[in-house]
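Here are my notes on this model, as numbered points. Please read them with the coordinates open.

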Amino acid sequence: MVTVLRRMGLWLAGIALLIGVALPAQAAEGGGKDTDWPHPLGGDHARRYSALTQINRQTVKRLRPVWSFSTGVLRGHEGGPLVVGDTMYVHTPFPNRLFALDLNDDGRIRWSYTPVQDPAVIGIMCCDTVNRGPAYADGRLFLHLADTSLVALDARTGKELWKIRDGDPAKGETGTSAPLVAGDLVLVGNSGGEFGVRGHMTAYAVKDGHRVWRAYAVGPDSDTLMDPLHTTQMGQPVGANSSLSSWSGDAWKLGGGPSWGWISYDPALDLIYYGTGNPGVWNPLQRPGDNRWAMSVFARDRKTGIAKWVYQFTPHDAWDYDGINEMILADIPVNGRQTKALVHFDRNGFAYVLDRVSGMLLQAKPFDPSLNWAKEIDLSTGKPVRNPRYEPKEEDKATKGICPSSLGAKNEQPAAFSPQAGLFLVPVNRICMDEEPFRVSYQAGQPYVGANLTLYPPPSSPLGTKDLGAFIGYDAGQGRIVWTDAEPFSVWSGALATAGGVAFYGTLEGWLKAVDVKDGSLLWQYKTPSGIIGNVMTYRHHGRQYVAVLSGVGGWAGIGLAEGLGTEDSEGTGAAVLNRALNNYTRLGGVLTVFGLP
């Protein structure tokens, strides 16, 4: 097992971390009873907003830790806890344990669940053994396991109610995402874009786990569940077999496009929204064409899975700009008109605003000032105007200075929306790269990448520093950055916005920070036991508001630390420098910390 882990860690370091650097109420959506946090993104609309006000600009400086809980797992802790009634549910990375903690007794363990999985699955998990947490609905918890199993548990007892297998680890499919419950269905996507899998989103019946529908990202219309006449992109019918026509030969069969990110739901429209990941094989020279519908957002009918509309962020991706980041559903003014919008901060560095009813692109502006792979997004066609200087054109030859890097200007760490300020609070990475594509052959269950990457800070920082991250306030209606808080490392924590005028986020060194949503000014901070790649949440219990976060460094940003790489000069090149820097601030270990006012 140690050998398998080590091999995977070195592979990850080689492809992605050669970094040369210097240093049941939906309370969070503002409606109903503002007590619980039963949804990983705060609610169906993915706004990560809480209407609670006890912790505010004036009181946040008195925030202090009131209790904590160790998960006992030494890998990257993404996602965050849920709270329903007087119980908090806390998850871990592999082996995907789940704990029910008693809020009436400082987190006493009511029950715990440890699934049985083949540990060999660890060797095919990209970017650490992370898990983004459970979903809750109607007295049940739904957990997506590393081996692709989807499990339904009784929330009161932890008893397993049903369990199904969503994919095949032997082909490189794994499970890392948080499910979404929408009506009588629970939805989940697959991971494995680095192994030539075919991405899919699947809906299962909440009651018994039987499959209701499955929609692939690539392939014929019968697989992608697309109607040639009624499924649209930019208001026009996509036509018959729109995915097949964009691939060369049978390349679509290894076409990637996994949906390992977040899922949103608009109950009024009865549409679900989610993104798809990188095309199969990173080397773009091996797959000519637009490679539809990888790197895209789908709006699908919840009951049938039929796509209403689709939009491709990065046609013929050459940089691993997965489109899986959260789709925030917010009603905001765009171009002078109140709009049912979908706002998406893509890995490619552009912030997209689409009409979530029609799928029409309304705006696309950079939220990463160092972005250079494209000059702009043409609003008439929806396509990027690419800069040929930063597009790989020859195998075994590096294209230099591409911004952002494959980690993206933002990765899966979810942003938040403050309706009071009218701002989106966005965690940002600021890293560029050199990319050298090379020819690779497919073998089931083996990495199918074909690219060497070297990552580093932008050559000239608009902030005048070498900071690798930032937390920003962004006005999506006007398409502009309002304020920026620079950070020395990538900000890999999910944000939280509150009606108290405070936004929270965590840092890779382990700081939990509270800032004013209006201008980003620092109001409070606390150093947690490990680096934070988890998502901050809040809840109210017995009349008191609390804030909680999972710390536990790892994930793609901290994979070197999680794998024990980079502590010796011989281990990697630039990765050793970065990992040594993080070693000055933090160590591994999953810890939940709960904060309250005195």
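**Notes on pockets, rings and strands**

1. The second largest pocket holds about 190 Å³ of space. It is lined by 13 residues, with K171, E173, V197, R198 and K253 closest to its centre. By class, that lining has six charged, four nonpolar and three polar residues. Here Ala, Val, Leu, Ile, Met, Phe, Trp, Tyr, Cys and Pro count as nonpolar, Asp, Glu, Lys and Arg as charged, and the others, Gly among them, as polar.

2. On provenance: this is a predicted model, where local features need pLDDT of at least 70, side-chain atom pairs count only at pLDDT 80 or more, and totals for chains, interfaces and linings use all residues. Residues are numbered from 1 along each chain as its sequence is written, and side-chain values use heavy atoms, with hydrogens and water left out.

3. The largest cavity has about 260 Å³ of space. Its lining counts 25 residues, and C126, C127, R132, E194 and W260 lie nearest the centre. Ten of the lining residues are nonpolar, eight polar and seven charged. The search runs on a 1 Å grid over the protein atoms alone: a cavity is a set of points where a 1.4 Å probe fits but cannot get out, a pocket is an open set with protein on both sides within 12 Å along at least five of seven lines, and lining residues have an atom within 4 Å of a point. Grid points are joined across faces, edges and corners, and a volume is the space filled by probe spheres set on the points.

4. R198 also has a ring contact. Its charged end sits over the ring of Y216, 4.0 Å from the centre. R300 lies over the face of F298, at 4.2 Å from the ring centre. The criterion is NZ of Lys or CZ of Arg within 6 Å of the ring centre and within 35 degrees of the ring normal.

5. How many aromatic pairs does a search of the whole structure find? It finds 24. F471 and W483 make a tilted one, 6.0 Å centre to centre with 55° between the planes. F471 is in strand β32 (residues 469-475) and W483 in strand β33 (residues 480-487). Both residues are buried. The rings of Y539 and Y546 are stacked, because their centres are 5.3 Å apart and their planes at 20°. Pairing needs ring centres of Phe, Tyr or Trp (its six-membered ring) within 6.5 Å; planes under 30 degrees apart are stacked, over 60 edge-to-face and the rest tilted. Y539 is buried at a relative accessible area of 1%, and Y546 counts as buried at 11%. Buried means under 20% relative accessible area, exposed over 50%, and partly exposed in between (1.4 Å probe, protein chains only).

6. Strand β19 (residues 296-301) is mostly covered, with five of its six residues buried. Five bridges join β19 to β18 (residues 271-275), antiparallel. Five bridges also join β19 to β20 (residues 307-312), again antiparallel. A299 is the bridge partner of Y273 and stands opposite W309 in β20. In the hairpin of β19 and β20, G305 takes a positive phi near 85°. Strands (E, at least two residues) and helices (H or I, at least four) are DSSP runs numbered from the N terminus; two strands pair if DSSP finds at least two bridges between them.

7. Which strands stand at the edges of the open five-stranded sheet? The order is β1-β34-β35-β36-β37, with mixed pairing. β1 (49-50) and β37 (522-527) each have a single partner strand, so one side of each is left without a neighbour in the sheet.
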